[in-house]
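Please consult the sequence and the structure shown below.

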Amino acid sequence: MSENGKISVLQLMVLVFLYTIGTTVLVIPSGLAATANQDAWLGAIVGVLIGTVVLGLYIALWIVYPGQTFVGICRAALGKWAGSAIAVIFMGYGFIGASTVLFYVGNFFQTQFIPRTPIWCTVTLFALVVVMGTRLGLETISRAAELMLPWFLLFFAILVITLVPAAKYVNVRPMLEFGWKPLFEAGLSFAGTAYMPIVFLFAVFPHVKTPEKAKIGVYVTALIGGLCVVLVTLLCILVLGPNITARSMFPSYALVKKINIGNFLQRVEAVMAGMWFITTYVKTTFYFYGGVTSLSEILNLNNYRNVTLPCTMIVIVLSLIVYPDVVYMQYWDSIVFPPYILLMGVFIPLLLWIIGLFKTKPGQNAAASGKNQS
């Protein structure tokens with residue numbers, strides 16, 4: 001795998017922030033409201049708390065295996081063959097994740113903006129932009145994310161400021177009407193969408209210039225990204241109400257349609273679309289980047305760019321068949337996805353961390369970390 005680019009701590013923080021928000025900001029409020037009703041925003045907060053534990057696990061894994069990608073960690077902990085088998089599962093989910101996000105993009109644009117355009121056109125165009133960024137390398141993607149961050153923050157500020165007057169606080173009452181169980185289920189769904197996919201950024205961690213400083217930055221920016229989604233979820237409940245939020249496929253987009261200031265500032269749905277486009281691009285790119293770099297490392301290729309175009313064709317085709325219809329998409333997201341992401345995002349990293357603790361001798365981590373930094 002040939003990726004010699006290095007990124008700064010600030011660039012990594014920007015990537016983690018946008019990656020955490022990703023597709024979550026557009027689709028997760030619906031699932032949270034369907035599970036926890038008017039307490040959806042509390043479920044999102046529980047998800048952030050669960051995310052703190054998941055992030056702690058990833059940082060601990062990063063400390064035990066300094067300078068290693070996820071494929072390298074699997075091989076170091078489990079040996080060549082067993083580690084490669086786990087790495088293949090990890091790589092496969094990277095491609096599945098990119099395909100599902102591409103479907104979200106195509107479905108969103110077809111239902112909301114360009115209904116007469118075939119979904120494969122939108123998916124193909126978006127995938128070409130993703131593969132272009134992947135081929136240009138990590139440094140180029142990171143600089144592009146830095147340029148997009150101010151626009152995202154501007155769009156997000158407009159969204160929040162203009163919707164606060166339309167909030168109806170009666171929509172969040174009564175609190176805890178159905179107890180704590182729905183909050184935990186909603187929080188687990190939130191963490192599975194926003195925080196557990198951060199495991200794919202292990203393809204990026206070895207290329208950070210100062211990893212010791214980056215760990216705290218990753219933790220903080222991921223939490224801030226989660227809190228942004230909590231705020232959007234709260235606005236959905238306050239403005240739309242729990243019933244409409246639960247029934248909407250894209251509640252955040254429906255939320256923006258409620259903006260109306262003096263019968264002059266209205267119909268600014270493109271603000272939400274632009275904000276979501278930025279975060280979705282970052283998430284799709286690193287799903288794909290994690291998949292192709294893992295494949296390259298498993299096959300011991302010198303340059304991961306050699307497999308980007310074939311993998312792009314596979315991902316495009318998979319995105320068109322991964323969800324036969326919206327009903328199956330809801331079934332996948334609610335039934336199939338949670339145990340799968342728990343396996344890849346929690347159980348396997350936890351196993352690798354425990355094995356690493358037993359294999360690593362006292363003081364070995366510090367020496368390896370200093371050698372890697374040099």
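A crossing of two helices is called left-handed if the near helix is turned anticlockwise from the far one by less than a right angle, and right-handed if clockwise. Helices here are DSSP runs of H or I with at least four residues, numbered from the N terminus. The model is predicted, so local features need pLDDT of at least 70 and side-chain atom pairs count only at pLDDT 80 or more, while totals for chains, interfaces and linings use all residues. Residues are numbered from 1 along each chain as its sequence is written, and side-chain values use heavy atoms, without hydrogens and water.

Helix 4 (residues 70-78) passes helix 5 (residues 80-112) in a right-handed crossing. On the helix 4 side, the contact (heavy atoms within 4.5 Å) includes Phe70 and Leu78, and on the helix 5 side it includes Lys80 and Phe90.

The structure holds one salt bridge, that is, a side-chain nitrogen of Lys or Arg within 4 Å of a carboxyl oxygen of Asp or Glu. Glutamate 139 and arginine 143 form this pair, at 3.6 Å from N to O. Because they lie four residues apart in helix 7 (residues 138-163), about one helical turn separates them. Both residues are tabulated below, where partly exposed means between buried (under 20% relative accessible area) and exposed (over 50%), with a 1.4 Å probe and protein chains only.

| Residue | Relative accessible area |
|---|---|
| Glutamate 139 | 27%, partly exposed |
| Arginine 143 | 49%, partly exposed |

Elsewhere, phenylalanine 190 touches residues including Thr24, Ile28, Tyr195 and Val230, leaving aside residues up to four places away in sequence.

Notes:
Helix = DSSP H or I, 4+ residues; strand = E, 2+ residues; numbered from the N terminus. Axes fitted to C-alpha atoms, helices over the stretch in contact; angles between N-to-C directions.
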